[in-house]
Amino acid sequence: MAFKEREKPFRLLVMESLANRMNLSRDDRNKYANWVKGYNGEVKFDSITKLLKCESLVLNDLYLTVRGKRFQLDTLVITAKCLFIYEVKNFEGEYYYENEKLHFERTKKEVFDPQYQIKNAESALRQLVDQMGYNWIIKKLVVFVNNDFTLFQAPRDSGIVLPGMIKSHFSMVNEISGRLNQNHYRFAEEIKPMHMEDFSLHNVPYYENELLKKGVTCFYCGSFIEIFTKNRTCICKYCSKEEVVSQTVIRHAQEFIRLFPEKKITTTAIYKWCDNRLSICRIRYVFNQHLTAKGTGRWRYYELKK
């Protein structure tokens, strides 16, 4: 298990809801697909770091600040000898370097080079490590995890790890000898709470309550659920997956407050959000069991437990 697990980004969760509940433009659909693809690539990389055999601590998806500047680390691996920082990309297709710039083969157009991201992240992390009073060696790498990715004319010693190189790279990491000491654990314990989740909605399309379709969505495929059984489960007719109603209620309350943080969670609000598909008595029961009640009578509302 990672020392810090990866969570689905806030923007992606919001976009996921919008994709289910409104008609996105072509550009927004493409943007959403790219975000999903990027996240899936990071999850794939997590499955690889979980297999590390050397003594190490893995922290995923860190948003940190140094001297007022925010930066992100896809993955930080702490070993006895050094810190590895990874920028994970799920690109597919053929790319090439020309004049130290990355291009997409099919269009010949220059694309954003992830090496710039990892260089900036390394510089920022080095400043932060110095501020914290540590002296670690930092090694930066850009990892392409998609087997359908090809890169021509990559600069030598660039820290680029292609799909076919991932196994050999981590074989090298696993050969790192030595045990983690108290400083390694203290550093991990100190940097983990420095993570500040990115709640910005940059590049998310405009939305409001009236524009969004109401109803109960499937946790697995996002389709709207029409079947509710007497044994308190929801069944999706598209993917045939089931979910306990109590989990469905809590999930939709989380979705509602994520989309509308200025609103309060009330039984009536969630009843309407679910298009009256769930019993208001069941919603109230679940809220009283799993959420924190505030106020009394007609002014009662609920807050998610932290």
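Residues are numbered from 1 along each chain as its sequence is written, and side-chain values use heavy atoms, with hydrogens and water left out. Because the model is predicted, local features need pLDDT of at least 70 and side-chain atom pairs count only at pLDDT 80 or more, while totals for chains, interfaces and linings use all residues.

Helices (DSSP runs of H or I, at least four residues) and strands (E, at least two) are numbered from the N terminus. Helix α1 (residues 10-21) and helix α6 (residues 245-259) have axes that come within 10 Å and cross at roughly 105 degrees. Axes are lines fitted to C-alpha atoms, for helices over the stretch in contact, and angles run from 0 to 180 degrees between N-to-C directions. The two helices α1 and α6 are therefore roughly perpendicular to each other (65 to 115 degrees). In contact (heavy atoms within 4.5 Å) are Phe10, Leu13, Val14, Ser17, Leu18 and Arg21 of α1 with His252, Glu255, Arg258 and Leu259 of α6.

The largest nonpolar core, of 35 residues, has Leu18, Tyr207, Leu212, Leu259, Ile270 and Phe287 as the residues with the most contacts inside it. Such a core is a set of buried Ala, Val, Leu, Ile, Met, Phe, Trp, Tyr and Cys residues joined through side-chain atoms within 4.5 Å, where buried means under 20% relative accessible area (1.4 Å probe, protein chains only). At least two residues of this core come from each of α1, α2 (26-49), α6, α7 (267-273) and α8 (280-290). Tyr207 touches Val14, Leu18, Met22, Leu201, Leu212, Arg258, Leu259 and Phe260, residues up to four places away in sequence not being counted. A second, separate core of 34 residues includes Phe71, Ala121, Phe149 and Leu151.

The axes of helix α3 (residues 114-132) and helix α5 (residues 182-191) come within 12 Å and cross at roughly 110 degrees, which makes α3 roughly perpendicular to α5. On the α3 side, Leu125, Leu128, Val129 and Met132 meet Phe187, Glu190 and Ile191 of α5.

Phe228 lies in strand β9 (residues 227-228). With 27% relative accessibility, Phe228 counts as partly exposed (between the buried limit of 20% and the exposed limit of 50%). Apart from residues up to four places away in sequence, Phe228 touches Val216, Thr233, Cys234, Arg277 and Leu278. The C-alpha atoms of Phe228 and Leu162, 66 residues apart along the chain, are separated by 47 Å.

Key:
Parallel < 35°, antiparallel > 145°, perpendicular 65-115°, else oblique.
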